[in-house]
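Student: I have a structure to go through with you. May we take it one topic at a time?

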Amino acid sequence: MYLGFFRQTSGATIKNLTVEGNIGTFDGTNYSIGSYAGGLIGAANDTTIENCKFKGNVYANNMAGGFIARTDTAIEDNNIKNCAFEGEVKSNTGWAAGFAHINANIENSYFIGDVTGKTEVSAFGSYSGVKNS
């Protein structure tokens, strides 16, 4: 199950959006039922996020990303530009990344907060390209 402001995107461009709140739940011990949780998108393919901000927390059982939890396309096909994240990203059993778990270019963006996961943890992203950040 994918959790996010947008559950899934394909060929999308998201611009000038601010989202505040929590994606998923955390009761102090257990995380929400979502396997993949992203602040903006649960699963993204060929997607650009530009001039966006997420302020809140993202909780998942498996993959958690501040903006994108999961991608299925090449790194050059998903872009995060001029964006900001403030909050925490937590994964109960898997990966956690400040912006995107895998396959995303991150450009001129910042992350303020905490990232907690079981297997891989990164403030920007696991296997992501980072430019001018």
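**Strands, a sheet and a salt bridge**

Tutor: N105 has its place in strand β14 (residues 105-107); strands are DSSP runs of E of at least two residues, numbered from the N terminus. This is a predicted model, where local features need pLDDT of at least 70, side-chain atom pairs count only at pLDDT 80 or more, and totals for chains, interfaces and linings use all residues. Residues are numbered from 1 along each chain as its sequence is written, and side-chain values use heavy atoms, with hydrogens and water left out.

Student: Is N105 buried or exposed?

Tutor: N105 counts as buried because its relative accessibility is 12% (buried is under 20% relative accessible area, exposed over 50%, partly exposed in between, with a 1.4 Å probe and protein chains only).

Student: And what does the side chain of N105 contact?

Tutor: The side chain of N79, in a polar contact at 3.3 Å (a pair of N or O atoms within 3.5 Å; within protein, one must be able to donate a hydrogen and the other to accept it, and residues adjacent in sequence count only if both atoms are side-chain atoms).

Student: Next topic: which residues form the salt bridge?

Tutor: K53 and E86, whose closest N and O atoms are 3.5 Å apart; a salt bridge is a side-chain nitrogen of Lys or Arg within 4 Å of a carboxyl oxygen of Asp or Glu. K53 lies in strand β8 (residues 53-60) and E86 in strand β12 (residues 84-91), so the pair ties together parts 33 residues apart in sequence.

Student: How accessible is K53?

Tutor: K53 counts as partly exposed, at 28% relative accessibility.

Note on methods
Helix = DSSP H or I, 4+ residues; strand = E, 2+ residues; numbered from the N terminus.
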